[in-house]
Amino acid sequence: MSAALATAGYILGQMMQNRSGFEVMIDYNTYVWIAQLFIVGLAVGYLRDKMKQTSLEAEENYAYIDTQLSDMKDISDTDIRIKKSLEEQVVNQSRSIGTIYDITKSLQQDSYDEVLFHAAEIMMKIMDTKDVAIYTVSDNDEGYARLFSASSPKAMSLGRSIRISDYEYMVAGWREKKIFINRALDPKLPMMANAVFEDNSMRLMFFLWGIPWERMTFSEADIFAVVCLLIHDSTVSALKYMNAIVETQYFEKTHILRPEPLARKIEVFTQAEEKGLFQFQVHRIPMSQEQMLRDAPLLEKQCYKTDAIGYDGTDVCIVLSNSDEKGLEIVRNRFLKAGFGTEENNEASV
């Protein structure tokens, strides 16, 4: 293009000097100029194209290198997190398998109630979170899990009683021994959850909240699974022991606790409540032992599976697990309708 324009300009310039077009065309200088201008134009065009191509390649290389640098930064950050995690596993002996086993082994000395309260504290310590909830599931709960202990209001956010079918996507993974990890960071769900099965029946559910995203890893899930299994082993041992001494715990032919076991249960519940792991209420009904034994079937009929009933020598005590004043009022009215107690003596109940 440069050579063509320059040639046209040269010829036009010669014609403006009063030379005819024929004279210009037969002058050999014209063709020398055309050759020179063609060579210069071709060189300029080539250099321009070469510089443009070099510039484009430089931009592409810059974009590629920038992408590679970003990827390398992400990999470096991941390596640093893994390095810190491994360092913590080496330095922090409280999370070694041996230490975890020694801690959970101490649960063998606890009663069934104490095991689950103590287990919540252990789970908080090992998993390094303040938000732990433990739910129990029995064969008679008709598809519901009942909250046993929770370390914070956040841990109780799923409710005191949850319908297991609402979390079937979790249960399906648990049956395959997979830990639920909240990778979508749904605020309505725990960060990690697990369940323990016995004879293909769910027995315990564990929910962890407040775990940061960088700790939602397979290694954390493995530790969580080990702790859950060790806690379950302790609860099984505690239940076997309770079944072995059941005759010393309850009045004959009833499910009403004797004074000493009742006092022990209330003491355990009180200690757990002081630690913020539990909430309970006690409804007292003044009654003689003879009347209590006579009305035992009707008294037990008014209680839920999660409630405990006992006799302290003067009163029948209905111990309401994970209940507040509102729940206590409901129970009080239910027993009143069944003919137990009066408004006056119920107002003095604890």
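Mentor: Let's get our bearings. The protein chain has 13 helices and nine strands, and keep in mind that this is a predicted model. Of its 350 residues, 39% count as buried. As for how the chain comes together, look at contacts between residues at least 6 apart in sequence: 59% of them join residues at least 24 apart.

Now for the interior itself. In soluble globular proteins, nonpolar side chains tend to be buried together. Here the largest nonpolar core holds 40 residues, and the ones that touch the most other members are Met123, Phe206, Leu208, Phe224 and Val319. Helices α5 (112-127), α7 (218-244) and α9 (259-274) each give two or more residues to this core, as do strands β1 (131-136), β5 (192-198), β6 (201-209), β7 (280-286) and β9 (315-321). The biggest giver is α5, with eight residues.

Zoom in on Leu208. Setting aside its neighbours within four places in sequence, Leu208 is in contact with Met123, Met127 and Thr129, then Asp131 and Val132, then Pro190, Met191 and Met192, and finally Phe224. There is also a second, separate core of 22 residues, with Tyr135, Ala145, Leu158 and Ile164 among them.

What do they pack against? Just past the helix, Lys177 takes a positive phi of about 60 degrees.

Phe22, Met25, Ile26 and Tyr31 make a nonpolar surface patch of about 470 Å². Helix α2 (residues 21-26) gives the most to the patch, with three residues. Phe22 lies in that helix. Why does Phe22 count as exposed? Its relative accessible area is 60%, and the cut-off for exposed is over 50%.

Key. Residues numbered from 1 in each chain as written. Predicted model: local features only at pLDDT ≥ 70, side-chain atom pairs only at ≥ 80, totals over all residues. Heavy atoms only, no water. Patch = residues over 30% accessible without salt bridge, like charges linked within 9 Å, V, L, I, M, F, W, Y side chains within 5 Å. Areas by Shrake-Rupley, 256 points an atom, 1.4 Å probe, with all protein chains shown as cover. Salt bridge = Lys/Arg side-chain N within 4 Å of Asp/Glu carboxyl O. Helix = DSSP H or I, 4+ residues; strand = E, 2+ residues; numbered from the N terminus. Buried < 20%, exposed > 50% of the residue type's maximum accessible area, 1.4 Å probe, protein only. Contact = heavy atoms within 4.5 Å. Core = buried A, V, L, I, M, F, W, Y, C linked by side-chain atoms within 4.5 Å.
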